[in-house]
Amino acid sequence: MSLTFYNTLTRKKDAFEPIDPRNVRMYVCGPTVYDYAHIGNARPVIVFDLVFRLLRHVYGADHVTYVRNITDVDDKINARAADEGCSIRDLTERTAQQFHADIAALGVLAPTVEPRATEHIDEMKVLCAQLVDKGHAYVAEGHVLFDVASMADYGRLSNRSLEEMEAGARVEVAPYKKGPMDFVLWKPSKEGEPGWPSPCGIAGDGRPGWHIECSAMAGKHLGDVFDIHGGGIDLAFPHHENEIAQSRCAHDTDIMAGVWMHNGFLQVEGEKMSKSLGNFITIHELLDGKTFGGSQWHGRVVRWAMLGTHYRQPIDWTAERLQQARATLFEVAEILHGVEPAEAPNGEVLAALSDDVNTPSALSIVHGLLKSARRNPEKRPELKATLQFMGLYGDETVRELDPGRSDSDVDAGAIDELIAARLSARRDKNWAEADRIRDRLAAMGIVLKDAKDPASGEIVTTWELAR
Ligand code: AMP
Ligand code: ZN
């Protein structure tokens, strides 16, 4: 099986050719840990988890190295710790733990390595020194700055020339910068801020810029050049552009990573998700609270809803999307709970995913498989293997998939009407309609029981909540 991925660097879908198929290497920018991750942050985590699973399937689980970092040194972290009156370490530890718990519920596998920025300060300092030595960076007023004019093709990822960027730059430029687009590799720490002895002969403590953190962690764990680098589209510029500048110039290479993959943005009910608009939803709230669509949502439901849209498209996060995903998962649980999975996932689904992670197409094939597995138990093991492969189903019961439901949430009148309609369809020998109604009830988490009344010989249908 061969994979293709859309590459932001080449602006087209390319066949994926790993540098070393015995060690396929991927780096994804992870969270800055100062607050609960929101569902926008969950998107790259889920998307690149699926890429990781695909790579493991094709090259073997032991031949893939996936690095997703934790950014635990950042201005937002300092500010939040000061607000809360806690230590930076307490804040970052607590937030990293919350993050792990949240994404585990989303069916996300642990990456091979999860490096923390604060544990790679030495590597960052080495990069600063190398870049100064090679004439790509300079020291000014306690800062180390990258000299973008020293790099012939700065801007290749975002496809913009330095002139265009400079013309568009509206920020006030610090007087010690040689060029307006020069960016910080290292900066002095103020009183009370975290700091480490500075590199490049600078007196006093300082701390790294954000971009150098990822260059250092990727270089340490994946080498100078690796296969895939991922993150949200907002990171393409300046973060990834600057990672590329640092890593390529420090290591004298033509590329940092061969493929650059970016997920699109997540919006809520048609609006950009942001704190100021008050439409900011954390993963934690979706899983535990009752703040979205009046319901508590299981992690598998969230994952299914997320993968309904192709990763490069923007996604509109609605309660309806979650309800549909949940209805499908109810049907899945009804027929697949306890079923032994087959050895391998379905080939058509794999083919769809290997074409630039086409999850909408994969899920529409899954819907077809679900329909036939409902009628034909022999089809169930393969469907189960497929859903497990995608991280969409972990053998939960209907009850587990809807942790907030109570019996009083059910509209018994509506169910009785559906049952009556089904009986009448059966009397008319309209089996397709009868089955359709049964599926609809299954999607509501309702199981039907048909029994023959011994006295009259009539079929009597009762219902109960699926367990
Ligand atoms: P941050 O902690 O802000 O650096 O973001 C962590 C990851 O989440 C990055 O890959 C971002 O690109 C991504 N991200 C942040 N907001 C969204 C959003 N609304 N939709 C999709 N991805 C996002
Ligand atoms: Zn990064």
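Visitor: Which element gives the most to the lining of the largest pocket?

Guide: Welcome! This is a predicted model, and its largest pocket is lined by 35 residues. The elements that give two or more residues to that lining are α1, α3 (88–105) and β10. The one that gives the most, with 4 residues, is α1.

Visitor: What volume does the largest pocket have?

Guide: Picture the centre of this pocket first: Thr-32, His-38, Asn-41, Asp-234 and Leu-235 are the lining residues nearest to it. By class, the lining has 16 nonpolar, 12 polar and 7 charged residues. The volume of the largest pocket is about 900 Å³.

Visitor: Where does ligand 1 sit?

Guide: Start with the 14 residues around ligand 1, of which Gly-40, Asn-41, Gly-232, Asp-234 and Leu-266 come nearest. Two of these names, Asn-41 and Asp-234, are also among the lining residues nearest the centre of the largest pocket. Ligand 1 sits in the largest pocket.

Visitor: How much of the area that ligand 1 exposes when taken alone does the protein bury?

Guide: Let's look at some polar atoms beside the ligand. One oxygen atom of ligand 1 is 3.0 Å from a polar backbone atom of Gly-232, and a nitrogen atom of ligand 1 lies 3.1 Å from a backbone N or O atom of Gly-40. Taken alone, ligand 1 exposes 490 Å², and the share of that buried by the protein is 86%.

Visitor: How far is an oxygen atom of ligand 1 from a polar backbone atom of Thr-32?

Guide: Thr-32 is one of the lining residues nearest the centre of the largest pocket, and ligand 1 sits in that pocket. Between the polar backbone atom of Thr-32 and the ligand's oxygen atom, the distance is 3.4 Å.

Visitor: How many residues does α1 give to the shell around ligand 1?

Guide: Two elements, α1 (39–59) and β10 (226–232), each supply at least two residues of this shell. By class, the shell has 5 nonpolar, 8 polar and 1 charged residues. The largest share comes from α1, and it is 3 residues.

Visitor: How much space lies in the second largest pocket?

Guide: This pocket is lined by 25 residues, with Lys-177, Asp-182, Phe-183, Val-184 and His-211 nearest its centre. At least two lining residues come from each of β7 (183–188), β9 (205–208), α6 (210–222) and α7 (236–251). The lining divides into 14 nonpolar, 3 polar and 8 charged residues. The space in the second largest pocket is about 580 Å³.

Technical notes: Residues numbered from 1 in each chain as written. Chains lettered and ligands numbered in written order. Predicted model: local features only at pLDDT ≥ 70, side-chain atom pairs only at ≥ 80, totals over all residues. Heavy atoms only, no water. Near = heavy atom within 4 Å. Polar contact = N/O pair within 3.5 Å; in protein donor to acceptor, adjacent residues only side chain to side chain. Areas by Shrake-Rupley, 256 points an atom, 1.4 Å probe, with all protein chains shown as cover. 1 Å grid on protein atoms, 1.4 Å probe; cavity = no way out; pocket = protein on both sides within 12 Å on 5 of 7 lines; lining within 4 Å. Sits in = over half its atoms within 2 Å of the grid points. Nonpolar A, V, L, I, M, F, W, Y, C, P; charged D, E, K, R; others polar. Points joined across faces, edges and corners; volume = space filled by probe spheres on them.
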